[in-house]
Amino acid sequence: MATIVGAVTTSHVPSIGGAIARHQEESDYWKPFFDGFDAIHAWLREAKPDVAVVIYNDHGLNFFLDKMPTFAVGAAGEYRNADEGWGIPVLPPFPGDPALSWHIIETLVGREFDPVTCQELLVDHAFTLPMKLLFPDAAAWPVRSVPVCINTVQHPLPSAARCYRLGQTIGDAIRAWPGDARVLVVGTGGLSHQLDGKRAGHINKEFDLKFMESLTEDPEWATRFTNRELIAEVGTQGIELLMWLAARGTLGPRARRVHSNYHIPISNTAGGTMLLAA
Amino acid sequence: MSAAAPEIPGTVLFDGRMAMRGYALNKMCFSFNEAANRTAFLADEDAYCAAYGLTAEQREAVRHRNVLELLAAGGNVYYLAKFAGILGLDVQDLGAQQTGMSKDAFKAKLQAAGR
(Lines give C-alpha, C1' and ligand atoms only; values in the text may rest on other atoms or scores of the structure.)
Protein backbone atom coordinates (compact mmCIF):
# COMPACT_ATOMS: atom_id res chain seq x y z
CA MET A 1 0.00 0.00 0.00
CA ALA A 2 1.02 3.61 -0.49
CA THR A 3 2.81 5.54 2.24
CA ILE A 4 2.31 9.15 3.32
CA VAL A 5 5.86 10.41 3.80
CA GLY A 6 4.75 13.63 5.48
CA ALA A 7 2.86 16.88 5.10
CA VAL A 8 4.19 20.32 4.25
CA THR A 9 2.04 23.34 5.02
CA THR A 10 2.94 26.79 3.78
CA SER A 11 1.66 30.25 2.95
CA HIS A 12 1.12 30.91 -0.75
CA VAL A 13 0.86 34.68 -1.40
CA PRO A 14 1.22 35.70 -5.09
CA SER A 15 4.19 37.98 -4.44
CA ILE A 16 6.30 34.86 -3.68
CA GLY A 17 6.05 34.28 -7.44
CA GLY A 18 7.32 37.78 -8.14
CA ALA A 19 10.18 37.32 -5.68
CA ILE A 20 11.21 34.05 -7.37
CA ALA A 21 11.00 35.63 -10.84
CA ARG A 22 13.21 38.53 -9.71
CA HIS A 23 15.64 36.23 -7.83
CA GLN A 24 14.98 38.00 -4.54
CA GLU A 25 15.14 34.88 -2.35
CA GLU A 26 18.23 36.22 -0.59
CA SER A 27 16.96 39.79 -0.14
CA ASP A 28 16.50 41.16 3.37
CA TYR A 29 12.75 41.16 2.86
CA TRP A 30 12.35 37.61 1.54
CA LYS A 31 15.23 35.64 3.03
CA PRO A 32 13.50 34.92 6.37
CA PHE A 33 10.67 33.22 4.46
CA PHE A 34 12.67 31.35 1.79
CA ASP A 35 15.24 30.11 4.32
CA GLY A 36 12.39 28.14 5.89
CA PHE A 37 12.57 25.73 2.94
CA ASP A 38 16.23 24.69 3.16
CA ALA A 39 15.53 21.97 5.72
CA ILE A 40 12.50 20.82 3.73
CA HIS A 41 14.59 20.45 0.56
CA ALA A 42 17.06 18.25 2.44
CA TRP A 43 14.22 16.18 3.85
CA LEU A 44 12.58 15.79 0.40
CA ARG A 45 15.82 14.40 -1.04
CA GLU A 46 15.56 11.55 1.50
CA ALA A 47 11.77 11.16 1.47
CA LYS A 48 11.64 10.90 -2.35
CA PRO A 49 7.88 11.35 -2.86
CA ASP A 50 6.34 10.16 -6.14
CA VAL A 51 3.06 12.02 -5.79
CA ALA A 52 1.86 15.20 -4.09
CA VAL A 53 -1.73 15.63 -2.95
CA VAL A 54 -2.05 19.42 -2.80
CA ILE A 55 -4.86 20.91 -0.71
CA TYR A 56 -5.34 24.57 -1.67
CA ASN A 57 -7.94 27.25 -2.30
CA ASP A 58 -8.60 28.75 -5.74
CA HIS A 59 -8.64 32.56 -5.92
CA GLY A 60 -10.73 33.02 -9.04
CA LEU A 61 -8.59 31.43 -11.72
CA ASN A 62 -10.58 28.24 -12.27
CA PHE A 63 -13.78 28.72 -10.29
CA PHE A 64 -16.21 31.62 -10.47
CA LEU A 65 -19.38 32.36 -8.50
CA ASP A 66 -21.51 30.78 -11.25
CA LYS A 67 -20.51 27.36 -9.88
CA MET A 68 -18.63 27.34 -6.62
CA PRO A 69 -17.81 23.92 -5.21
CA THR A 70 -17.16 23.51 -1.49
CA PHE A 71 -14.73 20.68 -2.24
CA ALA A 72 -13.27 19.85 -5.66
CA VAL A 73 -10.78 17.15 -6.63
CA GLY A 74 -8.74 17.17 -9.81
CA ALA A 75 -8.96 14.04 -11.95
CA ALA A 76 -6.85 15.05 -14.92
CA GLY A 77 -3.69 13.82 -16.56
CA GLU A 78 -2.26 17.33 -16.44
CA TYR A 79 -2.99 20.61 -14.66
CA ARG A 80 -2.15 23.93 -16.24
CA ASN A 81 -1.37 27.24 -14.58
CA ALA A 82 -2.54 30.43 -16.36
CA ASP A 83 -2.47 34.21 -16.22
CA GLU A 84 -4.16 35.38 -13.02
CA GLY A 85 -4.22 39.00 -14.08
CA TRP A 86 -1.29 40.53 -12.26
CA GLY A 87 1.81 39.39 -14.07
CA ILE A 88 3.42 36.61 -12.03
CA PRO A 89 5.07 34.10 -14.36
CA VAL A 90 2.99 31.13 -15.53
CA LEU A 91 4.65 27.89 -14.41
CA PRO A 92 4.90 24.74 -16.56
CA PRO A 93 2.05 22.18 -16.46
CA PHE A 94 1.89 19.66 -13.62
CA PRO A 95 1.51 15.96 -14.41
CA GLY A 96 -1.52 14.42 -12.74
CA ASP A 97 -2.18 10.97 -11.34
CA PRO A 98 -5.74 10.14 -12.44
CA ALA A 99 -5.70 6.68 -10.85
CA LEU A 100 -4.99 8.12 -7.41
CA SER A 101 -7.45 10.96 -8.04
CA TRP A 102 -10.29 8.54 -8.72
CA HIS A 103 -9.30 6.34 -5.79
CA ILE A 104 -9.50 9.39 -3.50
CA ILE A 105 -12.81 10.49 -5.06
CA GLU A 106 -14.32 7.02 -4.65
CA THR A 107 -13.20 6.89 -1.02
CA LEU A 108 -14.53 10.38 -0.28
CA VAL A 109 -17.95 9.74 -1.83
CA GLY A 110 -18.08 6.35 -0.08
CA ARG A 111 -17.51 8.18 3.20
CA GLU A 112 -20.19 10.82 2.50
CA PHE A 113 -17.97 13.61 1.22
CA ASP A 114 -19.26 14.68 -2.18
CA PRO A 115 -16.64 16.64 -4.11
CA VAL A 116 -16.93 18.11 -7.57
CA THR A 117 -14.65 16.14 -9.90
CA CYS A 118 -12.58 18.04 -12.44
CA GLN A 119 -11.10 16.54 -15.61
CA GLU A 120 -9.99 20.04 -16.54
CA LEU A 121 -8.68 22.30 -13.81
CA LEU A 122 -6.51 25.39 -13.95
CA VAL A 123 -4.36 25.61 -10.83
CA ASP A 124 -3.53 29.05 -9.45
CA HIS A 125 -0.69 30.44 -7.32
CA ALA A 126 -1.98 28.62 -4.24
CA PHE A 127 -1.05 25.34 -5.94
CA THR A 128 1.86 26.37 -8.14
CA LEU A 129 3.96 28.51 -5.79
CA PRO A 130 4.20 25.93 -2.98
CA MET A 131 5.29 23.37 -5.61
CA LYS A 132 7.94 25.81 -6.82
CA LEU A 133 9.02 26.42 -3.22
CA LEU A 134 9.37 22.67 -2.64
CA PHE A 135 11.14 21.93 -5.93
CA PRO A 136 12.88 25.18 -6.91
CA ASP A 137 15.58 23.70 -9.13
CA ALA A 138 13.77 20.80 -10.77
CA ALA A 139 13.95 20.86 -14.58
CA ALA A 140 10.65 18.95 -14.62
CA TRP A 141 8.22 18.48 -11.74
CA PRO A 142 9.54 15.40 -9.89
CA VAL A 143 6.11 14.35 -8.60
CA ARG A 144 2.71 13.64 -10.06
CA SER A 145 -0.04 15.59 -8.36
CA VAL A 146 -3.64 15.50 -7.19
CA PRO A 147 -5.20 18.93 -6.50
CA VAL A 148 -7.85 19.18 -3.79
CA CYS A 149 -9.56 22.58 -3.67
CA ILE A 150 -11.52 23.92 -0.68
CA ASN A 151 -13.76 26.98 -1.12
CA THR A 152 -12.65 30.03 0.85
CA VAL A 153 -14.17 32.58 -1.55
CA GLN A 154 -17.87 32.49 -0.72
CA HIS A 155 -19.44 31.79 2.67
CA PRO A 156 -20.60 29.45 4.04
CA LEU A 157 -17.20 27.74 4.02
CA PRO A 158 -16.84 24.19 5.32
CA SER A 159 -16.07 24.10 9.03
CA ALA A 160 -12.64 23.44 10.47
CA ALA A 161 -13.92 20.15 11.85
CA ARG A 162 -15.24 19.15 8.43
CA CYS A 163 -11.93 20.02 6.74
CA TYR A 164 -10.01 18.01 9.32
CA ARG A 165 -12.25 15.01 8.64
CA LEU A 166 -11.80 15.52 4.90
CA GLY A 167 -8.07 15.24 5.48
CA GLN A 168 -8.50 12.13 7.64
CA THR A 169 -10.51 10.52 4.85
CA ILE A 170 -7.96 11.45 2.17
CA GLY A 171 -5.28 9.97 4.43
CA ASP A 172 -7.23 6.72 4.74
CA ALA A 173 -7.66 6.63 0.97
CA ILE A 174 -3.94 7.09 0.33
CA ARG A 175 -2.96 4.40 2.85
CA ALA A 176 -5.36 1.97 1.15
CA TRP A 177 -4.05 2.66 -2.36
CA PRO A 178 -2.46 -0.48 -3.84
CA GLY A 179 1.17 -0.20 -4.81
CA ASP A 180 4.14 1.34 -3.10
CA ALA A 181 3.78 5.02 -3.98
CA ARG A 182 5.31 7.55 -1.63
CA VAL A 183 2.85 10.39 -1.18
CA LEU A 184 3.55 13.91 0.06
CA VAL A 185 0.60 15.95 1.29
CA VAL A 186 0.77 19.73 0.85
CA GLY A 187 -1.59 22.21 2.51
CA THR A 188 -1.33 25.83 1.37
CA GLY A 189 -2.66 29.13 2.69
CA GLY A 190 -2.60 31.42 5.68
CA LEU A 191 -1.44 32.16 8.14
CA SER A 192 -3.18 35.21 9.61
CA HIS A 193 -4.03 37.98 7.14
CA GLN A 194 -6.89 40.13 5.95
CA LEU A 195 -6.95 41.91 2.60
CA ASP A 196 -10.43 43.44 2.65
CA GLY A 197 -12.25 46.01 4.73
CA LYS A 198 -11.26 48.54 7.33
CA ARG A 199 -9.50 45.78 9.27
CA ALA A 200 -7.12 45.14 6.32
CA GLY A 201 -3.65 44.34 7.58
CA HIS A 202 -4.90 42.33 10.55
CA ILE A 203 -2.28 39.81 11.72
CA ASN A 204 -2.40 37.69 14.89
CA LYS A 205 1.00 36.26 15.77
CA GLU A 206 -0.11 34.80 19.09
CA PHE A 207 -2.94 32.78 17.55
CA ASP A 208 -0.80 31.64 14.59
CA LEU A 209 1.92 30.29 16.89
CA LYS A 210 -0.65 28.55 19.08
CA PHE A 211 -2.21 27.02 15.95
CA MET A 212 1.14 25.75 14.66
CA GLU A 213 1.91 24.22 18.05
CA SER A 214 -1.53 22.60 18.16
CA LEU A 215 -0.83 20.61 14.99
CA THR A 216 1.49 18.34 16.96
CA GLU A 217 0.21 18.77 20.52
CA ASP A 218 -3.57 18.78 20.00
CA PRO A 219 -4.41 18.61 16.27
CA GLU A 220 -8.15 18.99 16.76
CA TRP A 221 -7.78 22.18 18.84
CA ALA A 222 -8.69 24.51 15.97
CA THR A 223 -11.67 22.35 14.99
CA ARG A 224 -13.47 23.57 18.12
CA PHE A 225 -13.84 27.06 16.64
CA THR A 226 -16.54 28.22 14.24
CA ASN A 227 -15.30 29.85 11.04
CA ARG A 228 -16.57 33.19 12.27
CA GLU A 229 -14.53 32.78 15.45
CA LEU A 230 -11.48 31.80 13.43
CA ILE A 231 -11.87 34.80 11.12
CA ALA A 232 -12.14 37.10 14.13
CA GLU A 233 -8.75 35.75 15.23
CA VAL A 234 -6.83 35.34 11.96
CA GLY A 235 -8.61 37.53 9.40
CA THR A 236 -10.83 36.94 6.40
CA GLN A 237 -8.06 35.23 4.43
CA GLY A 238 -6.36 33.75 7.48
CA ILE A 239 -9.21 31.24 7.33
CA GLU A 240 -7.06 29.51 4.71
CA LEU A 241 -5.64 27.66 7.72
CA LEU A 242 -8.42 25.20 6.83
CA MET A 243 -5.94 23.77 4.27
CA TRP A 244 -3.39 23.20 7.03
CA LEU A 245 -5.99 21.38 9.09
CA ALA A 246 -6.99 19.15 6.18
CA ALA A 247 -3.34 18.36 5.45
CA ARG A 248 -2.70 17.61 9.12
CA GLY A 249 -5.75 15.34 9.17
CA THR A 250 -4.16 13.02 6.59
CA LEU A 251 -1.39 12.02 9.00
CA GLY A 252 -3.46 10.33 11.68
CA PRO A 253 -3.67 11.09 15.40
CA ARG A 254 0.04 11.58 16.02
CA ALA A 255 2.55 13.55 14.02
CA ARG A 256 5.90 15.06 14.82
CA ARG A 257 7.24 18.40 13.72
CA VAL A 258 10.32 17.96 11.55
CA HIS A 259 10.70 21.66 10.80
CA SER A 260 8.83 24.94 11.08
CA ASN A 261 9.31 28.59 10.21
CA TYR A 262 7.25 31.71 10.92
CA HIS A 263 7.93 35.22 9.70
CA ILE A 264 5.92 38.46 9.53
CA PRO A 265 5.28 39.90 7.01
CA ILE A 266 5.34 38.50 3.51
CA SER A 267 3.16 40.88 1.55
CA ASN A 268 0.18 41.43 3.93
CA THR A 269 0.51 37.99 5.43
CA ALA A 270 2.08 36.13 8.32
CA GLY A 271 4.24 33.60 6.49
CA GLY A 272 4.23 30.15 8.03
CA THR A 273 5.79 26.87 6.92
CA MET A 274 5.72 23.48 8.65
CA LEU A 275 6.91 20.00 7.83
CA LEU A 276 5.13 17.25 9.73
CA ALA A 277 5.78 13.53 9.56
CA ALA A 278 3.73 10.69 10.95
CA MET B 1 -25.29 33.31 9.05
CA SER B 2 -26.98 33.51 12.41
CA ALA B 3 -28.43 36.90 13.22
CA ALA B 4 -27.06 36.49 16.74
CA ALA B 5 -23.47 35.99 15.57
CA PRO B 6 -21.24 38.81 16.81
CA GLU B 7 -19.91 41.29 14.27
CA ILE B 8 -16.22 41.27 13.45
CA PRO B 9 -15.06 44.91 13.42
CA GLY B 10 -14.14 46.28 9.99
CA THR B 11 -15.14 43.05 8.31
CA VAL B 12 -18.00 41.92 6.06
CA LEU B 13 -18.08 38.23 5.21
CA PHE B 14 -18.71 37.51 1.53
CA ASP B 15 -21.80 35.36 1.81
CA GLY B 16 -24.67 34.53 -0.53
CA ARG B 17 -26.24 37.95 -0.06
CA MET B 18 -23.04 39.72 -1.08
CA ALA B 19 -22.35 37.21 -3.85
CA MET B 20 -25.72 38.01 -5.42
CA ARG B 21 -25.28 41.76 -5.00
CA GLY B 22 -21.81 41.71 -6.53
CA TYR B 23 -22.28 39.20 -9.31
CA ALA B 24 -21.86 41.53 -12.31
CA LEU B 25 -18.87 43.34 -10.80
CA ASN B 26 -17.14 40.11 -9.84
CA LYS B 27 -17.86 38.58 -13.24
CA MET B 28 -16.17 41.54 -14.89
CA CYS B 29 -13.16 41.24 -12.59
CA PHE B 30 -12.97 37.48 -13.24
CA SER B 31 -12.67 38.31 -16.96
CA PHE B 32 -9.46 40.19 -16.20
CA ASN B 33 -7.62 36.87 -15.98
CA GLU B 34 -7.21 37.32 -19.75
CA ALA B 35 -4.85 39.98 -21.07
CA ALA B 36 -7.12 40.83 -24.02
CA ASN B 37 -9.92 41.70 -21.58
CA ARG B 38 -7.64 43.90 -19.50
CA THR B 39 -6.68 45.74 -22.67
CA ALA B 40 -10.32 46.11 -23.70
CA PHE B 41 -11.24 47.56 -20.30
CA LEU B 42 -8.46 50.13 -20.49
CA ALA B 43 -9.38 51.03 -24.07
CA ASP B 44 -13.04 51.76 -23.28
CA GLU B 45 -13.97 51.48 -19.62
CA ASP B 46 -17.56 52.64 -20.09
CA ALA B 47 -18.30 50.11 -22.80
CA TYR B 48 -16.62 47.30 -20.87
CA CYS B 49 -18.58 48.01 -17.68
CA ALA B 50 -21.81 48.28 -19.67
CA ALA B 51 -21.18 44.94 -21.34
CA TYR B 52 -21.07 43.29 -17.90
CA GLY B 53 -24.19 45.12 -16.74
CA LEU B 54 -22.67 46.78 -13.70
CA THR B 55 -25.13 48.52 -11.40
CA ALA B 56 -24.86 52.28 -11.00
CA GLU B 57 -23.29 51.77 -7.56
CA GLN B 58 -20.72 49.35 -9.01
CA ARG B 59 -19.93 51.64 -11.94
CA GLU B 60 -19.29 54.57 -9.57
CA ALA B 61 -17.10 52.42 -7.31
CA VAL B 62 -15.04 51.33 -10.34
CA ARG B 63 -14.78 54.96 -11.49
CA HIS B 64 -13.55 56.00 -8.03
CA ARG B 65 -11.04 53.11 -7.75
CA ASN B 66 -12.30 52.93 -4.17
CA VAL B 67 -11.90 49.54 -2.52
CA LEU B 68 -14.38 50.05 0.32
CA GLU B 69 -17.01 51.17 -2.20
CA LEU B 70 -16.23 48.18 -4.42
CA LEU B 71 -16.64 45.83 -1.44
CA ALA B 72 -19.90 47.51 -0.40
CA ALA B 73 -21.18 47.00 -3.96
CA GLY B 74 -20.63 43.27 -3.55
CA GLY B 75 -17.07 42.97 -4.81
CA ASN B 76 -15.04 40.02 -3.56
CA VAL B 77 -11.44 40.77 -2.78
CA TYR B 78 -10.08 37.78 -4.72
CA TYR B 79 -11.69 39.07 -7.94
CA LEU B 80 -11.07 42.73 -7.12
CA ALA B 81 -7.36 41.91 -6.86
CA LYS B 82 -7.40 41.32 -10.61
CA PHE B 83 -8.86 44.81 -11.14
CA ALA B 84 -6.16 46.20 -8.84
CA GLY B 85 -3.59 44.44 -11.02
CA ILE B 86 -4.75 46.44 -14.06
CA LEU B 87 -4.21 49.61 -12.09
CA GLY B 88 -0.76 48.50 -10.98
CA LEU B 89 -1.79 48.38 -7.32
CA ASP B 90 -0.57 45.71 -4.89
CA VAL B 91 -2.25 44.53 -1.70
CA GLN B 92 -0.35 47.05 0.40
CA ASP B 93 -1.82 49.81 -1.76
CA LEU B 94 -5.28 48.33 -1.19
CA GLY B 95 -4.69 48.01 2.54
CA ALA B 96 -3.42 51.57 2.82
CA GLN B 97 -6.42 52.93 0.94
CA GLN B 98 -8.95 50.99 3.04
CA THR B 99 -7.39 51.97 6.35
CA GLY B 100 -6.73 55.60 5.39
CA MET B 101 -3.00 55.22 5.95
CA SER B 102 -0.04 56.01 3.75
CA LYS B 103 1.49 52.93 2.13
CA ASP B 104 4.62 53.33 4.24
CA ALA B 105 2.56 53.55 7.42
CA PHE B 106 0.57 50.47 6.41
CA LYS B 107 3.75 48.51 5.72
CA ALA B 108 5.16 49.63 9.06
CA LYS B 109 1.99 48.34 10.74
CA LEU B 110 2.54 44.93 9.11
CA GLN B 111 6.17 44.90 10.24
CA ALA B 112 5.12 45.84 13.77
CA ALA B 113 2.77 42.84 13.93
CA GLY B 114 5.84 40.60 13.81
CA ARG B 115 7.41 42.02 16.95
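A:Ser267 sits in the loop between E9 and strand E10 (269-277) of chain A. The model is a predicted one. Phi of A:Ser267 is near 55°, which is a positive value in a residue other than glycine. A:Ser267 also belongs to the group of residues that lie nearest the centre of the largest pocket.

Two cis peptide bonds can be described in chain A. One joins A:Ile264 and A:Pro265, with omega about -10°. A:Pro265 is placed in strand E9 of chain A. The other runs from A:Gly190 to A:Leu191, and its omega is near -10°. A:Leu191 falls in a loop, between strand E8 (182-188) and helix H7 (205-217) of chain A.

Chain B is built from nine helices and has zero strands. Its pattern along the sequence reads α-α-α-α-α-α-α-α-α. The C-alpha trace of chain B spans about 45 × 40 × 20 Å along its principal axes.

The two chains meet in an interface. Chain A contributes 39 residues to the contact, and chain B contributes 43 residues. Between them, the chains bury about 3,500 Å². Carbon and sulfur atoms account for 60% of that area. On the chain A side, the greatest losses of area to chain B fall on A:Phe64, A:His155 and A:Arg228. Together these residues make up 21% of what that side buries.

Side chains of opposite charge can pair when their charged atoms come close. The count between chain A and chain B is one salt bridge. A:Asp83 and B:Arg38 form a salt bridge, with the closest N and O atoms 2.8 Å apart. Helix H8 (227-234) and strand E9 (256-266) of chain A are the elements that give two or more residues to the side of chain A that touches chain B. H8(A) supplies the largest share of this side, three residues. By class, the side of chain A that touches chain B has 15 nonpolar, 15 polar and nine charged residues.

Over all chains, the structure holds 15 salt bridges. In chain A, A:Asp172 and A:Arg111 meet through their side chains in a salt bridge of 3.0 Å, N to O. A:Asp172 belongs to helix H6 (residues 160-175) of chain A, while A:Arg111 is in the loop between helix H4 (98-110) and strand E6 (116-118), so this pair ties together parts that are 61 residues apart in sequence.

Empty space was considered next. Rolling a probe the size of a water molecule over the atoms shows where empty space is left. The largest pocket holds about 720 Å³ of space. Its lining counts 35 residues, and A:Pro14, A:Ser15, A:Ser267, B:Asp90 and B:Val91 lie nearest its centre. Elements of both chains give two or more residues to this lining: helix H1 (15-21) of chain A, and helix H7 (77-86) and helix H8 (91-99) of chain B. H7(B) gives the most, with five residues. The lining of the largest pocket divides into 17 nonpolar, 14 polar and four charged residues.

The second largest pocket contains about 360 Å³ of space. It is lined by 25 residues, with A:Asp196, B:Val12, B:Leu13, B:Phe14 and B:Leu71 closest to its centre. At least two lining residues come from each of helix H1 (16-21), helix H6 (67-72) and H7 of chain B. Eleven residues of this lining are nonpolar, ten are polar and four are charged.

One cavity of 30 Å³ or more was found. The largest cavity has a space of about 70 Å³. Its lining consists of B:Arg65, B:Asn66, B:Val67, B:Leu70, B:Leu80, B:Phe83, B:Ala84, B:Leu87, B:Leu89 and B:Leu94. H6 and H7 of chain B each give at least two residues to this lining. H7(B) gives the most, with three residues. By class, the cavity lining has eight nonpolar, one polar and one charged residues.

Methods: Residues numbered from 1 in each chain as written. Chains lettered and ligands numbered in written order. Predicted model: local features only at pLDDT ≥ 70, side-chain atom pairs only at ≥ 80, totals over all residues. Heavy atoms only, no water. 1 Å grid on protein atoms, 1.4 Å probe; cavity = no way out; pocket = protein on both sides within 12 Å on 5 of 7 lines; lining within 4 Å. Points joined across faces, edges and corners; volume = space filled by probe spheres on them. Helix = DSSP H or I, 4+ residues; strand = E, 2+ residues; numbered from the N terminus. Nonpolar A, V, L, I, M, F, W, Y, C, P; charged D, E, K, R; others polar. Contact = heavy atoms within 4.5 Å. Buried area = accessible area lost by both parts, 1.4 Å probe. Salt bridge = Lys/Arg side-chain N within 4 Å of Asp/Glu carboxyl O.
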